[in-house]
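I opened this model to look up its salt bridges and its sheet. My entries are below.

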Amino acid sequence: MGRTGGTMRMSEISELISRHRQGYSLEQAFYVSPQIFEMDIERIYRRHWLLAGPACRVAQAGDYFTYQIAGDSIVILRDELGNIRAHHNVCRHRGSRICLDEQGHAKRLVCPYHNWAYDLNGALCSARHLPESVDQSSLGLHPVAVRVVAGLIFICIASDPPEFGATAADLIEYLAPHGLERTTICRREVEIIRANWKVVAENFWECYHCASTHPEFCSVMSYAHAQNNERLADERREFERDWETATQQLGHKVGRVEFSDRGLHQGGRLPIRPGFVTQSRDGQPVAPLLGEYTQFDGGITSFMHLPLIWYVVSNDHALLTRFTPVSPLETELELTWLVRSDAVAGRDYDPDAVCWLWRVTAEQDKTICENNQRGIMSSRYQPGPYTTAESSVNDLVEWYLQELSRND
Ligand code: FES
Ligand SMILES: [Fe+2]
């Protein structure tokens with residue numbers, strides 16, 4: 001693996017962090033080294049809140065799905081009382097995986113090895129031949145912190161999770177009108193992007209590449225071309241002003257939350273383009289209105305959270321993306337499209353029409369991320385300067401290096 005070959009010592013990683021040149025992309029080792037990947041998992045993914053999926057994925061008591069993050073498998077389920085819980089998918093007997101399927105329905109979680117059984121709340125309820133002297137109540141599944149906010153399930157593997165209240169408050173304010181807790185999955189797709197998660201993250205934190213890569217996206221979102229053309233930028237500003245006024249008159253939410261000390265997130269509402277009421281090929285509705293909406297306002301609500309969570313909600317459908325590091329050179333991308341819970345495919349919506357924009361856009365992003373990774377693996381790669389259109393990528397990289405350097 002060229003100059004990053006072999007095992008890196010902690011001192012070498014610290015040296016790489018300290019010599020990072022501000023305003024530039026990272027050195028090659030950050031995108032390829034197994035040791036740095038391990039640190040990323042430990043210091044980023046096992047420390048911060050992550051999006052696990054929509055609450056509608058566990059609509060009924062006993063529904064569960066598993067989420068694999070590096071070595072950890074988490075079972076996310078709805079218990080008998082309707083609460084969403086998360087447990088480590090590790091038997092307290094000799095450690096077998098318990099739920100082997102990606103999703104399912106169960107009254108109890110039964111380990112396939114020696115059949116120890118756990119309640120949905122994680123308590124051990126059956127363990128044949130367990131000596132009386134062993135306290136069964138101390139052998140519950142290890143819990144994982146969960147917050148369900150506006151229909152989205154967030155989990156944190158850390159035993160002492162960071163504060164999430166300010167983020168939750170912002171999400172409720174912006175997402176509540178969309179009624180994501182009353183949705184159903186239109187389609188869910190999982191694919192592997194053959195690139196380090198930070199290559200993928202950098203790509204998703206900027207739209208500098210949009211004009212050259214995403215013709216469909218640019219045909220839907222008029223801000224993309226406006227970034228590169230003064231006249232279009234003026235038109236876009238005027239359009240945004242008019243849209244805000246009209247949207248407020250409808251009583252709908254407008255505004256933005258900037259990446260700030262309120263949490264590791266940014267987002268808000270913005271308009272699509274003149275004449276478009278949703279993110280579809282022709283701008284016309286593709287599904288029944290979500291939540292409290294009684295009419296289209298032509299806006300979207302989107303949020304990004306560090307380390308790498310992003311979702312976008314139109315008036316009639318939503319897309320959640322979940323990115324998960326798999327190995328130094330692989331990142332899993334899960335795309336989940338949501339529509340109103342009572343909508344019926346074929347009658348109320350055409351799944352291909354709902355998924356069109358982000359299916360094609362995600363495929364293009366996969367290609368450019370994989371090309372980026374291949375170039376980074378070259379012996380001639382060196383960090384390059386971020387442009388003024390990539391300031392959010394610079395923020396991401398600075399945050400990442402700070403997290404890696406934290407000693408707590
Ligand atoms: S490892 Fe689960 S019952 Fe033995
Ligand atoms: Fe993109």
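**Conventions.** I am working with a predicted model, where local features need pLDDT of at least 70, side-chain atom pairs count only at pLDDT 80 or more, and totals for chains, interfaces and linings use all residues. Residues are numbered from 1 along each chain as its sequence is written, chains are lettered from A and ligands numbered from 1 in the order in which they are written, and side-chain values use heavy atoms, with hydrogens and water left out.

**Sheet.** I took helices (H or I, at least four residues) and strands (E, at least two) as DSSP runs, numbered from the N terminus. Two strands pair if DSSP finds at least two bridges between them. I traced an open sheet of 7 strands in the order 11-17-16-15-14-13-12, with antiparallel pairing. Strand 11 and strand 12 (256-257) are the edges, each pairing on one side only. I then looked at strand 14 (residues 299-305) and strand 15 (residues 309-313), which run antiparallel and are joined by 5 bridges. Met304 stands opposite Trp310 of strand 15.

**Helices on the sheet.** I used contact for heavy atoms within 4.5 Å. Axes are lines fitted to C-alpha atoms, for helices over the stretch in contact, and angles run from 0 to 180 degrees between N-to-C directions. Helix 5 (residues 197-204) packs on the sheet and touches strands 11, 14, 16 (318-327) and 17. Its direction makes about 155 degrees with that of strand 16. Helix 9 also packs on the sheet, touching strand 13 (265-271) and strand 14, at about 90 degrees to the direction of strand 13.

**Salt bridges.** My criterion was a side-chain nitrogen of Lys or Arg within 4 Å of a carboxyl oxygen of Asp or Glu. I got 28 salt bridges. For burial I used relative accessible area: buried is under 20%, exposed over 50%, partly exposed in between (1.4 Å probe, protein chains only).

I checked Arg188 and Glu334: their closest N and O atoms are 2.5 Å apart. Arg188 is in strand 11 (residues 183-193) and Glu334 in strand 17 (residues 330-340), 146 residues apart. Arg188 is partly exposed at 25%, whereas Glu334 is buried at 2%.

Next I took Arg359 and Glu191, which meet at 3.3 Å, N to O. Arg359 lies in helix 10 (residues 351-376) and Glu191 in strand 11, so the pair ties together parts 168 residues apart in sequence. Glu191 is buried at 15%.

Last, I looked within helix 9 (residues 230-249), where Arg236 and Glu240 lie 4 residues apart, about one turn. Their salt bridge is 2.7 Å, N to O. Arg236 is buried at 6%; Glu240 is partly exposed at 29%.
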